[in-house]
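Me: I have a protein chain open on my screen and would like to work through it in questions. Please keep the answers plain.

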Amino acid sequence: MIDHKQITALVLAGGKSRRMGGRDKGLLPFGDGLLISHVVDLIRPQVGQVMISANRHTEQYAALGLPVLPDPLADFQGPLAGFLAGLKAMQTDYLLTLPC
């Protein structure tokens, strides 16, 4: 059995949002808050750490009080670049990635 404290969750929140007309998915309203807040609130009790992968609007994501990781590769290389950022930053044994 894996101890939940050995899992870091990485929420993928900040790409180009081409399919959303450029609107940042994580910052869209959802329920009584933002989509990113909903995802974070659901995963936080199940893991030891939560981080956000974002390349735009990083100040707004940082307001959630979580580490915000930009891609380590230039030109929006896609979700795998976000995974790479998470793997470099995590301090646990396991990484769980979640879309936003």
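**Ser53 and its surroundings**

Reply: Leaving aside residues up to four places away in sequence, Ser53 touches Leu10, Val11, Leu12, Ala13, Gly14, Leu69, Asp71 and Gly82. The model is a predicted one.

Me: Is Ser53 buried or exposed?
Reply: A residue counts as buried under 20% relative accessible area. Ser53 has a relative accessibility of 5%, so Ser53 is buried.

Me: In which strand is Ser53, and how many residues of that strand are buried?
Reply: Ser53 has its place in strand 4. This strand covers residues 49–54 and is mostly covered. The number of buried residues is 5 of 6.

Me: Which residue of strand 5 stands opposite Ser53?
Reply: Strand 5 consists of residues 68–69 and runs parallel to strand 4, with 2 bridges joining them. Within strand 5, Val68 is the bridge partner of Ile52. Opposite Ser53 stands Leu69.

**The sheet**

Me: Over how many bridges do strand 1 and strand 4 pair?
Reply: Strand 1 spans residues 7–14, and its pairing with strand 4 is in the parallel sense. As one example, Thr8 has Gln49 as its bridge partner in strand 4. The count of bridges between strand 1 and strand 4 is 6.

Me: What is the order of the strands in the open sheet?
Reply: The sheet has 4 strands with parallel pairing. Strand 4 pairs with strand 1, and strand 4 is also joined to strand 5. The order is 5-4-1-6.

Me: Which residues does Tyr94 touch, not counting residues up to four places away in sequence?
Reply: Tyr94 is found in strand 6, which covers residues 94–99. Tyr94 and Ile2 are 92 residues apart along the chain, yet their C-alpha atoms are separated by 9.1 Å. With residues up to four places away in sequence left out, Tyr94 touches Ile2, Gln6, Ile7 and Thr8.

Me: What is the relative accessible area of Tyr94?
Reply: A value under 20% would count as buried and one over 50% as exposed. Tyr94 is partly exposed, because its relative accessible area is 39%.

Me: Which elements do the buried residues of helix 1 pack against?
Reply: Helix 1 covers residues 35–43, and its buried residues are Leu35, Ile36, Ser37, Val39, Val40 and Ile43. In an α-helix there are 3.6 residues a turn, so residues three or four places apart point the same way. The buried residues of helix 1 pack against strand 1, strand 2, strand 3, strand 4, helix 2 and strand 6.

Me: What is phi of His57 near?
Reply: His57 has its place in the loop between strand 4 and helix 2. The phi value is positive, in a residue other than glycine. For His57, phi is near 55 degrees.

Me: Which residues does His57 touch, not counting residues up to four places away in sequence?
Reply: His57 is partly exposed, with a relative accessible area of 33%. His57 and Pro70 are 13 residues apart in sequence, and their C-alpha atoms are 11 Å apart. Leaving out residues up to four places away in sequence, His57 touches Asp24 and Leu27.

**The whole chain**

Me: In what way do the elements run from the N terminus on?
Reply: The protein chain has 3 helices and 6 strands. From the N terminus on, they run β-β-β-α-β-α-β-α-β.

Me: What is the radius of gyration of the protein chain?
Reply: The globule rule gives 13 Å for 100 residues. The value for the protein chain is close to this, so the chain is as compact as a globular protein of that length. Its radius of gyration is 13 Å.

Me: What percentage of the residues of the protein chain count as buried?
Reply: The protein chain exposes about 6100 Å², of which carbon and sulfur atoms supply 56%. Of its 100 residues, the buried share is 37%.

Notes:
Residues numbered from 1 in each chain as written. Predicted model: local features only at pLDDT ≥ 70, side-chain atom pairs only at ≥ 80, totals over all residues. Heavy atoms only, no water. Rg over C-alpha atoms; globule rule 2.2 N^0.38 Å. Buried < 20%, exposed > 50% of the residue type's maximum accessible area, 1.4 Å probe, protein only. Areas by Shrake-Rupley, 256 points an atom, 1.4 Å probe, with all protein chains shown as cover. Contact = heavy atoms within 4.5 Å. Pairing = 2+ DSSP bridges.
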